[in-house]
4 protein chains.
Amino acid sequence: MDGGDVSGAGRGDKYQRILDAAVEVIAEHGYFNSPVSSIAARAGVADGTIYLYFKSKDHVLRTAIDAVFSGFFSNIREEISRIPDAREQLRAVARLHLEGLAAHRPLAVLLQTELRQSAKFVADFSHQHMKDYLNLIREVVRRGQQQGVFRKEISDRVAAHCFFGALDEMVSAWVFTGRPFEPEATASQVLGVLFGGIATIPKDGRE
Amino acid sequence: MDGGDVSGAGRGDKYQRILDAAVEVIAEHGYFNSPVSSIAARAGVADGTIYLYFKSKDHVLRTAIDAVFSGFFSNIREEISRIPDAREQLRAVARLHLEGLAAHRPLAVLLQTELRQSAKFVADFSHQHMKDYLNLIREVVRRGQQQGVFRKEISDRVAAHCFFGALDEMVSAWVFTGRPFEPEATASQVLGVLFGGIATIPKDGRE
Amino acid sequence: MDGGDVSGAGRGDKYQRILDAAVEVIAEHGYFNSPVSSIAARAGVADGTIYLYFKSKDHVLRTAIDAVFSGFFSNIREEISRIPDAREQLRAVARLHLEGLAAHRPLAVLLQTELRQSAKFVADFSHQHMKDYLNLIREVVRRGQQQGVFRKEISDRVAAHCFFGALDEMVSAWVFTGRPFEPEATASQVLGVLFGGIATIPKDGRE
Amino acid sequence: MDGGDVSGAGRGDKYQRILDAAVEVIAEHGYFNSPVSSIAARAGVADGTIYLYFKSKDHVLRTAIDAVFSGFFSNIREEISRIPDAREQLRAVARLHLEGLAAHRPLAVLLQTELRQSAKFVADFSHQHMKDYLNLIREVVRRGQQQGVFRKEISDRVAAHCFFGALDEMVSAWVFTGRPFEPEATASQVLGVLFGGIATIPKDGRE
DNA sequence: CATGAATGAGCGTTCATTCAT
DNA sequence: GATGAATGAACGCTCATTCAT
């Protein structure tokens, strides 16, 4: 495009404005309750303009989510690559996950809601992102097991799901309640639970 | 119009058939891709009949979900009340949670997807169920802490979220991948992680 | 046709009313300039009602035209079957063709215009009807040649096209000018030209 | 900007390129399925450029057709003026008509289809051309009647319509079937039918 | 002259809901 | 109660046309 300025109403940054508007509007009302006209209005463009940049309403949402995941992944991978210890890697993932979403609530809302829509939408599209993310976590878990810092008797798959599920739930709780959210502290607490476990006496799965 | 709700199982089984049909159809195609006429057809009733029992399409879904949660809760509460040990109580919750959903895939699909539609829907409606469920888990955690079997230094809120999030994620993984699911074994694995933690050396949050 | 159902706004004949309305509206404004809403309004039904009876706007037009052709064909075939002489058969075709269209101007307009739309529409659909009609005429021509009443040295294909083309043009002239039309007299004149030819001296193709 | 095809093709031929592109594109997809942007793309100009030369999409098509008819007429008039015999004049018209369209299939398609779009379009616009053409033919017929080579008892109007209708149908048959077309031979066959008639015994309108 | 991004009215179609039977 | 034909508002999307560059 042309050199876009940030001059308020914006000039040449329609593409990004549409993406942002879509995330906001859909986060507020849901995908199927968000007419294209609402997204256009929020973005400050005409309805038809959206179709100059995207093939369909669907495509707008997919693009927005793809962009988020891409940025998210490359960010995490980069940070992780600089950390040798698997425990610290997992800690970094937790922090980045929570910080990333805490920084942009509409996005978090969207990820906790629309991403889990009807089978078709999720299966065809966002499921791949989920798999990628989970695989990344599994790798870290396996690395920790090789390093001897994570217990070998637990499944890396299950551990990764528990880890992701716990983080995801913390975000959901925030998103659906709206209470203040402190990503750093939350990450710390979640890791406290997941690393050390809930039980006092190492009775379960721990001899 | 409807003059209140149809008390109990009602006369004909149409009421229940509509609920079942709604769960199935919506699980397959999603809420917004499930015309009322499809639900009616699946239930074997006329379109208009649905409005004799429910005041809107929305109401059908809400009622179905309410029924599920109610049954789920009373079931869990009853089972738990017979168990003295908090660890065993949590174990029972995990088992019932996974078994309950494993036994009825369409329901599981619906809970993992449609329940999280738009923030508004969740906030207005299903969030209350979630809160009830989480409170139930928190109570168990606190009981365990009093009993000395769960570590006192972790937040019961965080522990409950981690526990629920982990279970939820296992269901999601099943729902979105379709791979065979063994609730008993899965419950056991999840508890292995959550009770004992991932880490070997009690470094984190554990002295 | 139209002079029939004057009985109030009509009740259960919506199917036919939609077809009639479609023919009228499309004849007046053309297929692409006739919104479904206009057809619905003319038929005295709601927009959505049209989709209870037809799959699409396209389908309405196809159905109308199919009905016309079907009625037209069976009518012509029946009349022809009772006539032994090929010349009289051709005469009957001409008369029925012109009378049939003269009796329902909107239909004639539609056949002279929309039926010849863009390649896809014509090729896929109405072309088959045309072929059937032309084949019927060719058969009559061949029969006349066998009977010795039509010249053997002319191609039945070309003769049939000339015959149809001449009739078609007479209809077009009427449709586009709006001048009064006498099907009987016109048929007679056209046959006068086609049977006897234009030329006085049998110079051309006639020895 | 684009630095495209500035070479050779010349500067100011845009007007003609747009007309040609319109004929091609509309012949392929029909008027209403041919966005202005497609015509512009085919012509190698920007969408807006079309509006520098024409005041609407409609105007492009009208202009193209006007040009065709004008060229066609002046050509026919000139050729005819050099021929004394009315039979040969008619023969020339048939040949030029068929050759002219055979030489440029997109144009033929357009004339057989889009020209007959809606009654309104035809009535408002192309009908005048048709009338001119038919009058030209009628003149030739009358001339032949005066020369004694055409039968006086047939209406020049009807004869002209039959003649034009027959030619038109031959073109339609070619356009809609796509079979190979030999204008010279076809003209000859059509004239064989129209000059000499179909019937053997001069029974009809011929004593 | 030429561009092509932007506009927004208008389209075909769907579907939650109503109501006469 | 039960039906299902009928409604009409609302949607996603297209494209003729304009206008700042």
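Is Asp156(A) buried or exposed?

1. Asp156(A) is buried, at a relative accessible area of 14%, where buried means under 20%, exposed over 50% and partly exposed in between, with a 1.4 Å probe and protein chains only. The residue lies in helix α8 (residues 156-177) of chain A. Apart from neighbours within four places in sequence, Asp156(A) is in contact with Arg138(A), Val141(A), Arg142(A) and Gln145(A); contact means heavy atoms within 4.5 Å.

2. The model is predicted, and local features need pLDDT of at least 70, side-chain atom pairs count only at pLDDT 80 or more, and totals for chains, interfaces and linings use all residues. Residues are numbered from 1 along each chain as its sequence is written, chains are lettered from A and ligands numbered from 1 in the order in which they are written, and side-chain values use heavy atoms, with hydrogens and water left out.

3. Chain A contains nine helices and zero strands, helices being DSSP runs of H or I with at least four residues and strands runs of E with at least two, numbered from the N terminus. Of its 207 residues, 54% count as buried. Among the contacts in chain A with a separation of 6 or more, 68% are between residues 24 or more positions apart.

4. In chain A, the axes of helix α4 (residues 57-81) and helix α5 (residues 86-102) come within 10 Å and cross at roughly 150 degrees. This makes α4(A) roughly antiparallel to α5(A), a term for angles over 145 degrees. Axes are lines fitted to C-alpha atoms, for helices over the stretch in contact, with angles from 0 to 180 degrees between N-to-C directions. On the α4(A) side, Phe72(A), Asn75(A), Ile76(A), Glu79(A) and Ile80(A) meet Gln89(A), Val93(A), Arg95(A), Leu96(A) and His97(A) of α5(A).

5. In chain B, helix α5 (residues 86-102) has 17 residues and spans 24 Å between its first and last C-alpha, close to the 24 Å expected at 1.5 Å a residue; the expected span is 1.5 Å times one less than the number of residues. Its buried residues include Leu90(B), Val93(B), Leu96(B) and Leu101(B), and also Arg87(B) and His97(B). At the start of α5(B), a side-chain oxygen of Asp85(B) comes within 3.2 Å of the backbone nitrogen of Arg87(B).

6. In chain C, Pro84(C) occupies the loop between α4 (57-81) and α5 (86-102). Pro84(C) counts as exposed, at 65% relative accessibility. Its C-alpha atom is separated by 16 Å from that of Ala94(C), ten residues apart along the chain.

Key
Polar contact = N/O pair within 3.5 Å; in protein donor to acceptor, adjacent residues only side chain to side chain. Parallel < 35°, antiparallel > 145°, perpendicular 65-115°, else oblique.
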